[in-house]
Amino acid sequence: MAFARTCSVALVGVDGVVVEVQADLEPGVAAFSLVGLPDKALSEARDRVRAAVVNSGETWPQRKLTVGLSPASVPKSGSGFDLAVACAVLAAAERLNPSSISDLLIIGELGLDGRVRPVRGVLPSVLAAAEAGYRQVVVAEQTAAEAALVPGVSVIGVRSLRQLIAVLTDAPVPEEEPDGLVGRPDPLLAGLMLPGAGIRGLTGQASASVDLADVAGQYEARRALEIAAAGGHHLYLKGPPGAGKTMLAERLPALLPPLTRAEALEVTAVHSVAGVLPPGRPLIAGPPYCAPHHSTTMPAIVGGGSGMPRPGAVSLAHRGVLFLDEAPEFPVRVLDALRQPLESGEVVIARSAGSLRLPARFLLCLAANPCPCGRHSQRGGGCECTPAMVNRYQARLSGPLLDRVDLQVQVAPVTRAELMDRDTAAESTATVAARVAEARDRAAARLVDTPWRTNAEVPGHQLRTRWALAPGALTDAAHQLERGLLTARGLDRVLRVAWTVADLAGRERPNQRDLRTALVLRTGVGHGLPAAG
């Protein structure tokens, strides 16, 4: 009897579980059994591995072969176990030294010709390997840069099974000719990019080429955008078509500070698992931007789907911006499903086999017209919607959902003067982003001994008891609370916004003017925002 083992990783959401790949050869009729809860794609590894080994110039053992994936209770999916299975079989057949692969963690799909194809989720897989104590991993050459993002792990990138055998046996490494024709994409990268389920703008590349100075007028909305970026507050833009709601939302990611190293690894891991990580960009350093269409399904928004659940838009927007344009056109159940991630910063997907947690701490930006035709309440707009139609349209955004949105801004139509005249006072994205960074630094210094980093994350109880406001600052908010115009959750969110306004103004604590600004942004009561102090 011959036996060998190595390791690979099974992904459960964005978390990896180290799996021991065991190969056992016994005398008997030639057969190949794969056990350990494999899915359909993994069960087909038997044919892929056999063909890859033979086409790599090796001899396939003509004995009874059993490959076990342990722990057997964890479901395993995908083709990323192929290379580990092939190495375990060759070690059991004494073509490789079993000790040379026992401390390796191997990830990769095999083509029938022995080529190693990259798979999704390499970064979270290597992170799981590092946490389990593995210091050397083998991946496809195309994903070696992604795996190398994990500190303390040595990465071996190979293009074929032949190359890996040569590395493990200290033989000369053969050269492999690149696939495909000159000028065409590498066909081996096809498995890394999957359809985005109607989600566009995932990496925020478009936001880097737009500037806030391009927006004509909309000074109140621009001020609200700055406050949202500085404190991480959710934003609701309501106004007629053509007022600039989408332009404002597209410029929001550029106002956010760059991701820290830990946050960048979190975001990159989610995008890698989802199959939307752009080739050649192993690390996403900027806040992502997701703008799904209103016809997008519930699993595409919150995550899920048949088989192994995939991250949805709320997870792909983790540490970035989720923009829902024409928000009332989204199904009501999809909008209400956002309540949990808005509160907890994660989404829980329950299946019969268990529950899956995915990160979902994003900045939500909603945009909506005032009525189906968009001309309601405009002077001379000619709105033909009945009051019942207007109420029904606006009621699609439920009260509990809007109660979780800190900033609710009316975006007025752009005037002719604002559109035609050059506005020299309009600030650029770089200018506003610098103020946002300073405000975030003030908040981080105040919250240095806490688990929170932005004002939007601080629980209301802490805001009311731990950090004092200026005398008399709560007078207007208390009056609104007594009249029933403000809920207890709404008061907490007003306090969060007031702290952000104070941080932007450089004040140590919010005063009555900051609270009034937050109330205007929260309730819409008022005829304009107070100027910044």
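Because the model is predicted, local features are reported only at pLDDT of at least 70 and side-chain atom pairs only at pLDDT 80 or more, while totals for chains, interfaces and linings use all residues. Residues are numbered from 1 along each chain as its sequence is written, and side-chain values use heavy atoms, with hydrogens and water left out. The protein has 23 helices and 16 strands, where helices (H or I, at least four residues) and strands (E, at least two) are DSSP runs numbered from the N terminus.

**Confidence and overall make-up**

- The mean pLDDT, which is the predictor's confidence in each residue on a scale from 0 to 100, is 87 for the protein, and 89% of its residues reach 70 or more.
- Residues 527-533 have pLDDT below 50, and this stretch has 14 contacts in the model beyond near neighbours in sequence, a contact meaning heavy atoms within 4.5 Å.
- Of the 533 residues in the protein, 50% are buried; buried means under 20% relative accessible area, exposed means over 50%, and partly exposed lies in between, with a 1.4 Å probe and protein chains only.
- Among contacts with a separation of 6 or more, 72% are between residues 24 or more positions apart.

**Strand pairing**

- Two strands are taken to pair if DSSP finds at least two bridges between them, and on that basis strand 1 (residues 2-12) and strand 2 (residues 15-26) are antiparallel partners over 11 bridges.
- Within this pair, Ser8 has Val19 of strand 2 as its bridge partner, and the hairpin formed by the two strands leaves two residues between them, with Gly13 in the turn showing a positive phi of about 70°.
- Strand 2 also pairs with strand 4 (residues 64-70), in the antiparallel sense and over seven bridges; here Val21 has Leu69 of strand 4 as its bridge partner.
- An open sheet with parallel pairing is formed by five strands in the order 11-12-15-10-16, and its edges are strand 11 (289-290) and strand 16 (407-410), each of which pairs on one side only.

**Largest pocket**

- The largest pocket holds about 870 Å³ of space; grid points are joined across faces, edges and corners, and the volume is the space filled by probe spheres set on the points.
- Of the 36 residues that line this pocket, the closest to its centre are Gly232, Arg319, Arg361, Thr454 and Glu457; on a 1 Å grid over the protein atoms alone, with a 1.4 Å probe, a pocket is an open set of points with protein on both sides within 12 Å along at least five of seven lines, and lining residues have an atom within 4 Å of a point.
- Helix 15 (339-344), helix 19 (429-446) and helix 22 (488-505) are the elements that give two or more residues to the lining.
- The lining comprises 16 nonpolar, eight polar and 12 charged residues, where Ala, Val, Leu, Ile, Met, Phe, Trp, Tyr, Cys and Pro count as nonpolar, Asp, Glu, Lys and Arg as charged, and the others, Gly among them, as polar.

**Backbone features in loops**

- Arg319 lies in the loop between helix 13 (313-316) and strand 12, has a positive phi near 65° although it is a residue other than glycine, and counts as partly exposed at 24% relative accessibility.
- Leu37, in the loop between strand 3 (31-35) and helix 1 (40-43), is not a glycine but has a positive phi of about 60°, and with a relative accessible area of 47% it is partly exposed.
- A cis peptide bond with omega of about 10° joins Ser70 and Pro71, and Pro71 lies in the loop between strand 4 and helix 3 (82-92).

**Two buried residues**

- Val411, in the loop between strand 16 and helix 18 (416-420), is buried, with a relative accessible area of 0%.
- Not counting residues up to four places away in sequence, Val411 touches Gln218, Ala221, Leu237, Lys238, Gly239, Pro240, Ala243 and Lys245; its C-alpha atom is separated by 6.3 Å from that of Leu237, which is 174 residues apart from it along the chain.
- Leu34 lies in strand 3 and counts as buried at 13% relative accessibility; leaving aside neighbours within four places in sequence, Leu34 is in contact with Leu42, Ser43, Arg46, Val67 and Leu69.
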